[in-house]
Protein chains: 2
Amino acid sequence: MVDNAAGIRLTNNARPATHEVTARDENGDEVVTSIAGEHPLTLYFDKRELVTLMTLGGAPEYLALGYLRNQRLVRLASEISAVQVDWETNSVAVTSVQLANTGITFWESDTSGGGRANARMQKRTVTTGCGQGTVFGDLMDEIDDVQLSDATELTEPVLQEVMANVRHHDTIYKQAGAVHGCALCANAGDQRGDILIFVEDVGRHNAVDAIAGWMWANRVDGDDKIFYTTGRLTSEMVIKCAQMGIPFLVSRSGLTQMGYDIAQRVGITMLGRCRGKHHLLFTGGHRFRREPGSTTEMA
Amino acid sequence: MVDNAAGIRLTNNARPATHEVTARDENGDEVVTSIAGEHPLTLYFDKRELVTLMTLGGAPEYLALGYLRNQRLVRLASEISAVQVDWETNSVAVTSVQLANTGITFWESDTSGGGRANARMQKRTVTTGCGQGTVFGDLMDEIDDVQLSDATELTEPVLQEVMANVRHHDTIYKQAGAVHGCALCANAGDQRGDILIFVEDVGRHNAVDAIAGWMWANRVDGDDKIFYTTGRLTSEMVIKCAQMGIPFLVSRSGLTQMGYDIAQRVGITMLGRCRGKHHLLFTGGHRFRREPGSTTEMA
């Protein structure tokens, strides 16, 4: 069991991140090479099967928690009693406090939000159906309620520090490729610029969700944080970051038109194509501060 | 309407691939930069809403067709009468031959496979639920039925030609990033090594599905083709390629453990990390032929 501020009973069942296979290179020589793990993980919430995620398995408990959070099936971390991962059956069982205390599942009770969640499940069936779909439908309806904090600003030196920290960190990618990495970084206090948690996964959204789950379990707010992703800034990435309450979204990749439109709409500070000293600031420039030499200038 | 061998009535409504936004670079200078389009496209099949795909919109008709094919909701291209994309409503309406001829929808009739498709939709609801899920559940059951042709082999010079052709082709990626590209290449006849169709999309699976749709509409078989993707070789990528009957899967990215396991199981010839002269041959070496100088040697 893993200590966490929310007092959720969490197993600690990460899978090995990589394993080795033998390939043949362009010279016909045998090469032993690392490849990223990929495992199906079926998520049960209060005994109902919700989804099968294909995951690296590096943070499966947080992934399950963050999935429920980012799908907005559960509103509060305090509604969750336990998250138990079992790789014998490739499953993760999430138990609500209500079920643990009363024997009544989340789904059976309206007071737990079960009615709302049932409706949401129904809607998803239609709008997303399968692997490719997004939860776009209601996400757009809810995005306008998001208020991002203006209390902190991101400075160029802190951005550089985040980039340097990330470069040292994405170990599975360097070893095996085929994964995306996400980092949650501090933007205040002594830890400013430090990585608080770094998650890699074969699925871009899994890595985001695992960070959302970690934040819930550890009662960490998004207000004074920076979210870094190796992945592209698509609509869903921007929406999830905003819903986690994080005002800063940084990527080494490019962005899409809808990612841009939503970022503008929600006022998030979004930087893309960050490599080395280079970056492009796309939206939310009021929270970004360049400090060339001693002058201070708002982008 | 677009000519095609299957005689399907196809609109020709691609969206502009990129548009321009103004960003600010690390020097605080304004930079006009291209970003990739991203649009929701809701797929209706015989009046039933199936899914909302987030897409670049470069080949929306083929995407819709390939989605129905790769989800195995429809078995034959000859069952489809029309695919009509309307960006005013961000929708694509697919009409079955049965509906066009008899007024009875695909879903209402068992002879059309509607019963089977209904069951599949039901199953997906449970196993995949939302944006992150995969169609893994039944795909694995069906993958063992796939027989890939051993009639053609891939030679090193043809591989080099494919790589060179692809390098000249991925224009949206070069301009705006944030997209994945897939190409279907010939591996026989005068066109050997040529790109037959190249599709880029913000979603990795959309690009694959669009190629599957193009193959259906043009009655193109997979047997003597090579499938190239910029994306990672995950389980789903390998499964889809195998189901399209294509014996050769080539990527410039890495692979995952399950991608590897499935590739071995289905006997596909899979090459990853192809960049410049380099590649790694992972599985299905019996169809790959190196020709260093005048000697011939099987990997």
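I take the axis of a helix to be a line fitted to its C-alpha atoms over the stretch in contact, with angles running from 0 to 180 degrees between N-to-C directions. I note also that the model is predicted.

**Entry: two helices of chain A**

I recall that two packed helices are described by the angle between their axes and the distance between the axes. I looked up helix α7 of chain A, residues 204-217, and helix α8 of chain A, residues 235-243. Their axes come within 11 Å and cross at roughly 0°. Since angles under 35 degrees count as roughly parallel, I record α7(A) as roughly parallel to α8(A).

I then asked which residues make the contact between α7(A) and α8(A). From α7(A) I listed A:R204, A:H205, A:V208 and A:D209. From α8(A) I listed A:E236, A:M237 and A:K240. Sorted by class, this contact has 4 charged, 2 nonpolar and 1 polar residues.

**Entry: chain A as a whole**

I found 9 helices and 16 strands in chain A. Of its 299 residues, 65% are buried. For its accessible surface I noted about 11,000 Å², with 45% belonging to carbon and sulfur atoms. I also looked at contacts between residues at least 6 apart in the sequence of chain A; 56% of these join residues at least 24 apart.

**Entry: helix α1 of chain A**

Is helix α1 of chain A, residues 60-70, mostly covered or mostly uncovered? I found it mostly covered, with 11 of its 11 residues buried. Among the buried residues of α1(A) I noted A:Y62, A:L63, A:L65, A:Y67 and A:L68. The charged residues A:E61 and A:R69 are on the buried list of α1(A) too. Just after α1(A), I noted that A:R72 takes a positive phi of about 55°.

**Entry: cysteines**

I recall that a disulfide is a covalent bond between the sulfur atoms of two cysteines.

I finally checked the cover of both residues. A:C241 has 1% relative accessibility and therefore counts as buried. B:C241, at 0% relative accessibility, counts as buried as well.

Conventions:
Residues are numbered from 1 along each chain as its sequence is written. Chains are lettered from A and ligands numbered from 1 in the order in which they are written. This is a predicted model: local features need pLDDT of at least 70, side-chain atom pairs count only at pLDDT 80 or more; totals for chains, interfaces and linings use all residues. Side-chain values use heavy atoms; hydrogens and water are left out. Helices (H or I, at least four residues) and strands (E, at least two) are DSSP runs, numbered from the N terminus. Angles under 35 degrees count as roughly parallel, over 145 as roughly antiparallel, 65 to 115 as roughly perpendicular and the rest as oblique. Contact means heavy atoms within 4.5 Å. Buried means under 20% relative accessible area, exposed over 50%, partly exposed in between (1.4 Å probe, protein chains only). Accessible areas come from the Shrake-Rupley method with a 1.4 Å probe; for residues, only the protein chains shown count as cover.
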